[in-house]
Amino acid sequence: MIIGIDIGNTHIVTGIYDDNGKLISTFRLATNDKMTEDEYFSYFNTITKYNEISIKKVDAILISSVVPNIIIIFQFFARKYFDVEAIVVDIEKKIPFTFAEGMNYSGFGADRIIDITEAMKKYPDKNLVIFDFGTATTYDVLKKGIYIGGGILPGIDMSINALYGNTAKLPRVKFTTPNSVLGTDTMKQIQAAIFFGYAGQIKHIIKKIKEELDENIFVLATGGLGKILSAEIDEIDEYDANLSLKGLYTLYEMNK
């Protein structure tokens, strides 16, 4: 058994893989840098028992993190409870893509590395655009296996929270698919504008990427809120909720 831990700014997503690398269970909890390895193990142990998953023999623990100060908690978790040294994703690992000449890739995120790794495994012969709808929304563009650039914009929840936090009377709303672009009360108007406005941003970004590449592209999406948006945006060819966890295992296979 192998455990994969994908640490984001908002959530920590854990995947459990069988001996063939197939995901057999996933769960998530809120990111908390005050949590100890013992508290995390308590969550982990409870959820695996509930799902009737035996965790007596763990061969490897994989960590991808965009929150550096949390990594050490999971290194302690790996050592204390499973007697293994965690494998931490970074740019020094063997990866299936190269960077375009002149690209400054220092600080390139572990989340983006594993997303691209899995996308390249699935579609090695395509020009790829990968959107990850997380706390921030990122997009990465690869042409013939070469990373040529990307972008970062505020995530959907971040946009909603900014509107709520910087106004006196506007409510915090849930991101959902509205019935109409014309909201009939304050809450529905925020939901409509956020949904269609964000979808419009993504559509235009894809349009500009196509113009700059002047070649066919394949657009992949992942991330917690990506499923809702992908249903609205025809330009997104595929949504894969577990792209990151799959990529974490694929990277492990390339480097073990």
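Mentor: Buried means a relative accessible area under 20%, exposed means over 50%, and partly exposed covers what is in between, with a 1.4 Å probe and protein chains only. The structure above is a predicted model, in which local features need pLDDT of at least 70, side-chain atom pairs count only at pLDDT 80 or more, and totals for chains, interfaces and linings use all residues. Residues are numbered from 1 along each chain as its sequence is written, and side-chain values use heavy atoms, with hydrogens and water left out.

Trainee: Is P154 buried, exposed or partly exposed?

Mentor: P154 has a relative accessibility of 46%, so P154 counts as partly exposed. This residue lies in strand β9; helices (H or I, at least four residues) and strands (E, at least two) are DSSP runs numbered from the N terminus.

Trainee: Which residues is P154 in contact with, leaving aside neighbours within four places in sequence?

Mentor: Contact means heavy atoms within 4.5 Å. On that basis P154 is in contact with T135, A136, T137, S159 and Y198. For F74, 80 residues away along the chain, the C-alpha atom is separated from that of P154 by 27 Å.

Trainee: And T138: buried or exposed?

Mentor: T138 counts as buried, because its relative accessibility is 9%. T138 sits in strand β8. With residues up to four places away in sequence not counted, T138 touches R112, I130, F131, D132, G151 and I152.

Trainee: How is the packing of two helices described?

Mentor: Two numbers are used: the angle between the axes and the distance between them. Axes are lines fitted to C-alpha atoms, for helices over the stretch in contact, and angles run from 0 to 180 degrees between N-to-C directions. Here helix α1 (residues 37-50) packs against helix α2 (residues 71-82) at about 65 degrees, with the axes 9 Å apart. The two are therefore roughly perpendicular; angles under 35 degrees count as roughly parallel, over 145 as roughly antiparallel, 65 to 115 as roughly perpendicular, and the rest as oblique.

Trainee: Is the crossing of α1 and α2 left-handed or right-handed?

Mentor: A crossing is left-handed if the near helix is turned anticlockwise from the far one by less than a right angle, and right-handed if clockwise. The crossing of α1 and α2 is right-handed.

Trainee: Which residues of α1 and α2 meet?

Mentor: From α1 come E37, D38, Y40, F41 and F44; from α2 come I73, F74, F76, F77, K80, Y81 and F82. The residues of this contact divide into 9 nonpolar, no polar and 3 charged. Ala, Val, Leu, Ile, Met, Phe, Trp, Tyr, Cys and Pro count as nonpolar, Asp, Glu, Lys and Arg as charged, and the others, Gly among them, as polar.

Trainee: How do α4 and α5 cross?

Mentor: The axes of helix α4 (residues 156-165) and α5 come within 11 Å and cross at roughly 140 degrees. That makes α4 oblique to α5. The crossing is right-handed. I156, S159, I160 and L163 in α4 meet I190, I194 and Y198 in α5, a contact of 6 nonpolar residues, 1 polar and no charged.

Trainee: What about α3 and α7?

Mentor: Their axes come within 7 Å and cross at roughly 80 degrees, which makes α3 roughly perpendicular to α7. Among the residues that meet are I113, I114 and K122 in α3 and L243, K246 and M254 in α7. The residues of this contact divide into 7 nonpolar, 4 polar and 5 charged.

Trainee: How many salt bridges does the count come to?

Mentor: A salt bridge is a side-chain nitrogen of Lys or Arg within 4 Å of a carboxyl oxygen of Asp or Glu. By this rule the count comes to 15. One of them joins K122 and D240, at 3.0 Å from N to O. K122 lies in helix α3 (residues 110-122) and D240 in the loop between β11 (238-239) and α7 (243-255), so the pair ties together parts that are 118 residues apart in sequence. K122 is partly exposed at 28%, whereas D240 is buried at 6%.

Trainee: Which residues are linked in a network with K122 and D240?

Mentor: E238 and K246 are linked with K122 and D240 in a network of salt bridges.

Trainee: Where do K144 and E215 lie?

Mentor: The side chains of K144 and E215 meet in a salt bridge at 3.2 Å, N to O. K144 is in the loop between β8 (136-143) and β9 (146-154), and E215 in the loop between α5 (186-213) and β10 (218-222), so the pair ties together parts 71 residues apart in sequence. K144 is exposed at 61%; E215 is partly exposed at 29%.
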